[in-house]
Amino acid sequence: MEINGGACNSEDKRRNAQVEGEASVLSSNVLLDHVGEVTLTLHSDGLSWKSLDSFDNGASTCLGIKFVPEIATEFKLSDIYAVELTDSDMIQESNLTCAGECFLGNDSDYSEMNHFAVHSFQKSKSQPCLWILAMYTFGHKDLQTCQMWVNKINDSLNKEVGRPKNLLVFVHPMSGKANGWRTWETVAPIFSRAKINAKVIVTQKAGHAFDVMTSISNDELNLYDGAVAVGGDGFFNEILNGYLSSRHKAPFPPAPSDFLDALGNDVNSLVHCQKKAGFETHHNKESDPFLPSLEHNESQFSHLGTNDGSHSVDKEIEYSLPNRKFRFGIIPAGSTDAIVICTTGIRDPITSALHIVLGKRVCLDVAQVVRWKTTSTSKVEPYVRYAASFAGYGFYGDVITESEKYRWMGPKRYDYAGTKVFLRHRSYEAEVAYLEVGSETISSIPDGSRLFGKVWSLKRKKSERIICRANCNVCNKKPVCSSTRSPPATPYMISQETRWLKSKGRFLSVGAAIMSNRNERAPDGLVADAHLSDGFLHLLLIRDCPHALYLWHLTQLAMKGGNPLNFDFVEHYKTPAFTFTSFGNESVWNLDGELFQAHKFSAQVFRGLVCLFASGPEV
Ligand SMILES: Nc1ncnc2c1ncn2[C@@H]1O[C@H](COP(=O)(O)OP(=O)(O)OP(=O)(O)O)[C@@H](O)[C@H]1O
């Protein structure tokens, strides 16, 4: 269809306007704000415009000065998030510049125009991960023509797959520098322009979002396309745990090998405890010498479920995981925001909002952590938590504990607490066992690594590292998210060639990086080549060492291009599962920035268990 609506006084140009390339859906001559008269064409996959003025490539002169508009001449539908009729007065006030006046003629002509705006974005030239809002305003004398353009573009946008329509938005008002609400106010117009229904919940206290996510029925959850966290990593972790705690059904990871020894002869108490907590025993064939794995059922979180009558975790529909439709979004407003940086490449609320409204998708590995015992003297009470980015003990736990005393400092508390904990230089005794995966599984990872452990880590040159980025080959190798029928397997469940190896001693820290954890303090992250969805975590064991060497390691972490793992006291293992037992004085764990006390626990990675509205960083 072609419409010659008479935007300006150039009838001939309009008639002669030809659309090159593929067949157009709609074409009109309109005025493009800041450019002049153009032929605007809607194709099946995007919009393009061509200047009808006698200037090359849209370049023009204004008062004798050559003006080359720095705006795109075509944009893909997948990059357009909204189109709307706009108020001409508003446009006139906000947009008329020298260029606009020159091109558009006098003010009275302009005010007779009707307008529609196409909302898209541009990538920053200096930082391609930074997406900047861009609005293109088109004018036409005929209101119906403008309305038709809006309708046609909207029809095309409605055919774009994967865009959310209904979202649950959790805002943590006290997050970061206590500007969670202001951050939401900044991005909310993007959601309303994109006609997304957002149910906004401003949290009143810690645990509020968790309660909402656990108590919402699966039927109701299915009405939403996702949940958005306006806050930090800890806040996202809380929402993730609320989502998974009653819905993720999978065998537990094998428990630490001395687990039965610790119980002595009182095996009955373990069985009793499992039953009370809603667990069933489940024999794990491959985990010898580890305890048989346990499987939890829906009554595991009975305190949050139907047993106490306060919540209605529905029984009628099973919730399948991973769920491709239900995605998480994070609008960064926290103190560190490592998950946002790793999944969008930048810490910017507008960029994150655009990833959400445009319906981007990336899958994330999630670590399931099962705490068997809180302290050495406490009884066995299995308790499950999930972590998306990082679990750390020793230095990392102590920094969080210390920083809690200085909440009033805002995000700076981490630097202050970090310095104090560094000066203390405390080490902790622990035993870590990790699963070494055989060649069958390793060969499925197209990164050339054939050996695990320290050798794997230290012998690799920086140039051999494959960094996780948008459309990452490593993460896309097995698209587990495409299957909504069966639960994702952990890699060691597939492979027959598995072996548990142990490391025991005094550690300054024990860390498990599920993703690279890039952040402003560690520009390459804790592990530069960790992937978002390869089914592995990176175990980092930092053995007790002289203070100066530890400082050197931390300095390397803080440097872009540093090599923090290249030290004798650093052990690095890529593994899908590990167990941990502490001895003597204990530190605490830090799970995605939140405190977690555990004397004995097991962890396993579920590949691509959840999806995020993000496309991976363009690093
Ligand atoms: N309204 C609230 N008041 C106080 N705490 C809250 C509130 N809502 C959520 N929380 C809790 O605050 C914790 C930290 O939130 P968030 O991650 O957004 O902030 P942060 O400043 O980045 O802190 P951290 O660095 O500890 O992650 C979350 O675990 C969450 O449970």
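Reader: Which residue stands opposite L133 in strand 10?

Author: F121 does. Some ground rules: this is a predicted model, where local features need pLDDT of at least 70, side-chain atom pairs count only at pLDDT 80 or more, and totals for chains, interfaces and linings use all residues. Residues are numbered from 1 along each chain as its sequence is written. Helices (H or I, at least four residues) and strands (E, at least two) are DSSP runs, numbered from the N terminus.

Reader: How many bridges pair strand 9 and strand 10?

Author: Strand 9 (residues 114–123) pairs with strand 10 over 10 bridges, in the antiparallel sense. Pairing requires that DSSP finds at least two bridges between two strands.

Reader: And strand 2, how many bridges join it to strand 10?

Author: Two, and strand 2 (residues 26–32) runs antiparallel to strand 10 (residues 131–140). L32 has F138 as its bridge partner in strand 10.

Reader: New topic. Which residues are closest to the ligand?

Author: G231, G232, G234, F235 and G334 are the closest of the 21 residues that surround the ligand. A residue counts as near if its C-beta atom, placed from the backbone, lies within 6 Å.

Reader: Which helix gives the most to that shell?

Author: Helix 10, with four residues. Helix 6 (175–178) and helix 10 (233–245) each supply at least two.

Reader: What about helix 15 and helix 16, which way do they cross?

Author: Helix 15 passes helix 16 in a right-handed crossing, meaning the near helix is turned clockwise from the far one by less than a right angle.
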